[in-house]
Amino acid sequence: MTHDNTPTHLSASRRAFLGTAGSVAVGVGLAGCSGSAPTADDPSGERTFRMVGSAIRTLDPVAAADSESTTVVTQLFDGLVHYPKGNIDPELLLAEDHRVSEAGRVHTFELDPEATFSDGRPVTADDVVYSFERLAGSKHSQSASKLLDVLGVEHETETVESDDGTTEEYVPGSLGVEAKGDRTVEIRLEEPFHTALGVLAYPAFSVVPEGVLGDVEGYDGEMSHEEFATENPVGAGPFVLDTWKKDVEYSVTARDDYRGDGPYVEGIHWKVTSNPSAAYTYAINRNADAFWVPTGKFDPNLVSIEKTDRKGRKVGTYGPLPENGETVQYRQIPLTWTYYLGFNAENVERPVRRAVAYVLNQQTQVEKVHQGRGKRAGHLTPPNLYPGGNPAYEDHAEQYPYGLGESRFDEAQSVLSEAGYGPDNPAEMTLSVYDATAWFETGKLLRDKLARVGVDVSVERVPFATIAERGQNGDLDAFTYGWVMDYPSPESFLKILYPPSSGDQFFFWGGTDAADRAESAWQTVLDHSSGSDADRKARAEAYREMESANWEDVIALPVYHPVGEGFYYDWVDVPKTGAAGFSKHKYTDVRVGKRD
């Protein structure tokens, strides 16, 4: 994304930029009596779309870093572009026109003249400038790197000394985002970036009214951040906040002045719940229109697929539910998400890492442990982002050296024997897994398999926060981890394999031929950042090289790509969600009919 003669802060920060990763967060809930959830405009609840959800943390777009908060932010706010219904191909939203000039460095947007905020104010170019300034410089922002480093908007930095050392910080007011009239916004990048619209579609780039908050220089603010983030989030989206009772419920109400079609419901209501089984009970009592079936309750024999579209999304039915006899609508969506086993290369020798790869058997992992709710992974990059899509993914996966559908015990024992290990002289390793039943089962299966070939594995079940904390301190051997899409490009995933910054991912990888090739390939990605065919081809080859280097040294061992699932009663109509996921789906097209 950068050249050697560009500012060093851009190159370094882009290399080091790391997205948020974590385990699947499932909204779960309390059992209750059948009924409807009211909102301010729908006191009977008859036209309110009802779901279950986990607790949200904030309604400020720049501060929302978790999927639950982002789901609600998506309903309340609009950005220049968005992921339509969660699809990974961005489309214009607040903008009605987009132009690119100066060899891809300058993006100009014309705003929709009918766009207004929920308080009636028109959306202007000054609002966009202010919103991006907040994203870059507010103390509340969690996504400044997406704007400054990934997208690479022009800006200045200054050196700041602190007790923790020297850092380069953004200079307020230096951002290359400018209003060219009431409805025209110009965004200047330090260099072309092929996925600029994909980054701008992220909900953190939502537009808020100029001066609504005083957390950036030059503005006193109309309200406190606490009020904006919890009570009065003024946005240009299709819904407004109705209620938020922490750890109990939250709801939004449809705007009647939203431009374009929809919303077709009066509002959306989420019941905050605490565990998957209770959430399921809440749903089968018909308190929710849409829900998720936890692994312990899921029966793959109840799934009937009627059709699969070109994006791999499956539509069918699930049922009858054993608890209430209902057969519900079923949707399955391939997500841009990868789970992997990570290794601290300084603590676990390569022969041991390769032995784990030989015995893993990703296909069995998906079918037996996760009950078919995913796709076995041969790459860190998900199929829907892999260059050439799923066919190219599968073609390259044929070269995977360890076997994706079988455990190769002889090869595992051979590679360990060459390193001096065997059943009578085992290597030792601790595997830290998510505090979830499925991953604990994965750990035990691997432990038993590896004991046969000469690796003594201790499996510990720990919270995700513990994995992250210990990983940063270099105190992990092997660990389970997940990575989700920051923007629709393979580098959103492969950036974690850049060896000089691999300590940030707990890998501590370097000093091998494969690591050198990965570093060189990542530099190729940085040096070919435009949307030209030549740069696209160069990046595609570099992506494949990074995947192959990871195969060779087994740093992030791909396990599976999970699917998103939706279970819907017959009285609701919810358009299919795309691979960007449910938190990016704006529910303007949902319809609720008469409930049984």
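The questions and answers below concern a predicted model of a protein.

In this predicted model, local features need pLDDT of at least 70, side-chain atom pairs count only at pLDDT 80 or more, and totals for chains, interfaces and linings use all residues. Residues are numbered from 1 along each chain as its sequence is written, and side-chain values use heavy atoms, with hydrogens and water left out.

Q: What average pLDDT does the protein have?
A: pLDDT is the predictor's confidence in each residue, from 0 to 100. In this protein 92% of the residues score at least 70. The average pLDDT is 91.

Q: How many helices and strands does the protein have?
A: Helices (H or I, at least four residues) and strands (E, at least two) are DSSP runs, numbered from the N terminus. On this basis the secondary structure comes to 16 helices and 24 strands.

Q: What is the radius of gyration of the protein?
A: The radius of gyration is taken over C-alpha atoms, and the globule rule is 2.2 Å times the number of residues to the power 0.38. For 596 residues the rule gives 25 Å, and the protein's value is close to this, so the protein is as compact as a globular protein of that length. The radius of gyration is 24 Å.

Q: Which strands do the buried residues of helix 2 pack against?
A: Buried means under 20% relative accessible area, exposed over 50%, and partly exposed in between (1.4 Å probe, protein chains only). Helix 2 covers residues 67-76, and nine of its 10 residues are buried. Among them are Val72, Val73 and Leu76. The buried residues pack against strand 10 (239-245), strand 11 (249-254) and strand 12 (267-272).

Q: Is serine 277 buried or partly exposed?
A: Serine 277 lies in helix 7, which spans residues 276-284. Its relative accessible area is 40%. This value falls between the two cut-offs, under 20% and over 50%, so serine 277 is partly exposed.

Q: Which residues is serine 277 in contact with, leaving aside its neighbours within four places in sequence?
A: The C-alpha atoms of serine 277 and lysine 297 are separated by 7.8 Å, although these residues stand 20 residues apart along the chain. Apart from those neighbours, serine 277 is in contact with Pro294 and Lys297.

Technical notes:
Contact = heavy atoms within 4.5 Å.
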